[in-house]
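Hello,

Here is the structure for your files. My notes on it follow below.

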Amino acid sequence: MPERTAVVLAGGRSTRFGEGDKAVADLAGTPMIRRVIDRIAPVVDAVVVNCRAAQVPAIREAVDGAAVPVTFAEDEYPDEGPMAGMATGLRAVESEYAFVVACDMPLVEAEFVDYLFERAAGHDAAVPRPDQWFETTHAVYRAAAMADACEAALEAGKNRIVAPLFDLDFVVLDADEVHEHGHPRTFENCNTKTDFEDAARRLES
Ligand SMILES: Nc1nc2c(ncn2[C@@H]2O[C@H](COP(=O)(O)OP(=O)(O)OP(=O)(O)O)[C@@H](O)[C@H]2O)c(=O)[nH]1
Ligand SMILES: [Mg+2]
C-alpha cells in the first residue's frame with residue numbers, strides 16, 4: 001500500500017498552448033509531465049495521472065521508466081473541468097493522503113510537497129495561499145474526503161475550485177509560511193509557448 005500518492009491533473013485541452021497536449025510537450029528536452037513526476041518522485045511512492053482516454057498512450061510513453069509507479073484514472077466524461085478531474089484522480093488513490101498537482105507545474109519543489117504532507121496530517125487538507133488565491137491544484141488532501149467534497153460541489157453546481165474546501169477541515173499555509181518552506185516557483189504554471197520558453201531557460205541555467 002502506498003503511503004503518499006501524487007495525483008497529476010492532465011485532462012485539460014491546452015488551448016492557450018496551441019496545437020498539441022502541453023502535458024507531453026517538450027520542456028528543455030523532457031516532456032513536461034515527466035518533469036513534474038521526476039521532481040516529486042523522492043517524496044511520493046505512487047502517482048495517479050488523471051486525463052482523457054485518448055491522452056493515455058502519449059503520457060504512458062512520456063512517463064516510462066519513472067522512479068515511482070504511475071497509474072491512470074481516466075475521465076468518464078471529458079471536459080468537466082479540473083474539479084471533476086481531481087475527484088476522478090483522488091478516487092483512484094490507495095493512500096490516505098495525496099498531493100494534487102497540475103501537469104503544468106514543472107518547477108514543483110519536493111521539499112515543499114513533503115512539508116505539505118506533514119501539515120495535512122490529522123486534517124483533511126493543507127492548502128497554500130501565497131497570495132489572494134488558494135493553490136488548490138498544488139495541495140495535499142485526504143483523498144476520500146476531497147473526492148466527496150468535489151462531487152458534492154459539482155452536484156450543487158459550484159464550479160469554483162475552492163468550493164470543496166469549505167466542506168473540509170483544511171489548514172491554510174499563509175504567505176509567510178509558504179516563503180519560509182518553499183519558493184514561489186513551485187506554483188508557476190506553464191500555459192503558453194512563452195511560459196515554456198521561460199521555464200526552460202530557468203531549468204537550463
Ligand atoms: N480532467 C480534467 N482536467 C482539466 C480540465 N481542464 C483543466 N484540467 C486540468 O487542470 C489543470 C489546470 O488547467 P489549465 O492550466 O487551465 O490547463 P488547460 O485547461 O489544459 O489549458 P487551457 O486550455 O489553456 O486553459 C491542468 O493540469 C489541466 O490538465 C478538464 O476539463 N478535465
Ligand atoms: Mg483551462
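How many nonpolar, polar and charged residues does the shell around ligand 1 have? The shell has six nonpolar, ten polar and six charged residues, where Ala, Val, Leu, Ile, Met, Phe, Trp, Tyr, Cys and Pro count as nonpolar, Asp, Glu, Lys and Arg as charged, and the others, Gly among them, as polar.

Before the rest, the conventions. This is a predicted model, in which local features need pLDDT of at least 70 and side-chain atom pairs count only at pLDDT 80 or more, while totals for chains, interfaces and linings use all residues. Residues are numbered from 1 along each chain as its sequence is written, chains are lettered from A, and ligands are numbered from 1 in the order in which they are written.

Ligand 1

There are 22 residues around ligand 1, and Gly-11, Gly-12, Thr-15, Arg-16 and Gly-85 come nearest (a residue is near if its C-beta atom, placed from the backbone, lies within 6 Å of the molecule). Helix 3 (residues 82-91) gives the most to this shell, with three residues. Helices (H or I, at least four residues) and strands (E, at least two) are DSSP runs, numbered from the N terminus.

Helix 3 against helix 5

Helix 3 packs with helix 5 at an angle of about 145°, and their axes are 8 Å apart. Axes are lines fitted to C-alpha atoms, for helices over the stretch in contact, and angles run from 0 to 180 degrees between N-to-C directions. On the helix 3 side the contact is made by Met-83, Ala-84, Met-86, Ala-87, Leu-90 and Arg-91; helix 5 brings Ala-143, Met-146, Ala-147, Cys-150, Glu-151, Ala-153 and Leu-154. Two residues are in contact if their C-beta atoms, placed from the backbone, lie within 7 Å. By class, this contact has eleven nonpolar, no polar and two charged residues.

The core

The largest nonpolar core has 66 residues, of which Val-8, Ile-33, Ala-98 and Tyr-141 touch the most other members. Helix 5 (residues 143-155) gives the most to this core, with seven residues. A nonpolar core is a set of buried Ala, Val, Leu, Ile, Met, Phe, Trp, Tyr and Cys residues joined through C-beta atoms within 7 Å. A residue is buried if 20 or more other C-beta atoms lie within 10 Å of its own, exposed if 12 or fewer, and partly exposed in between, with C-beta atoms placed from the backbone. Neighbours within four places in sequence aside, Ala-98 is in contact with residues including Leu-90, Val-93, Val-140 and Ala-143.

Individual residues

Ser-14 lies in the loop between strand 1 (4-9) and strand 2 (26-27), and its phi is near 50°, a positive value in a residue other than glycine. Asp-79, in the loop between strand 5 (70-74) and helix 3, also has a positive phi, near 65°. Most residues other than glycine have a negative phi. Asp-79 counts as exposed because it has 11 C-beta neighbours inside 10 Å, whereas Ser-14 has 19 and counts as partly exposed.

Thr-137 is in the loop between strand 7 (125-128) and strand 8 (138-142). Is Thr-137 buried or exposed? With 21 C-beta neighbours inside 10 Å, Thr-137 counts as buried. Residues up to four places away in sequence aside, Thr-137 touches Leu-9, Pro-82, Val-100, Val-101 and Ala-102.

Phe-117 is in helix 4 (residues 110-120) and is partly exposed, with 17 other C-beta atoms within 10 Å.

Regards
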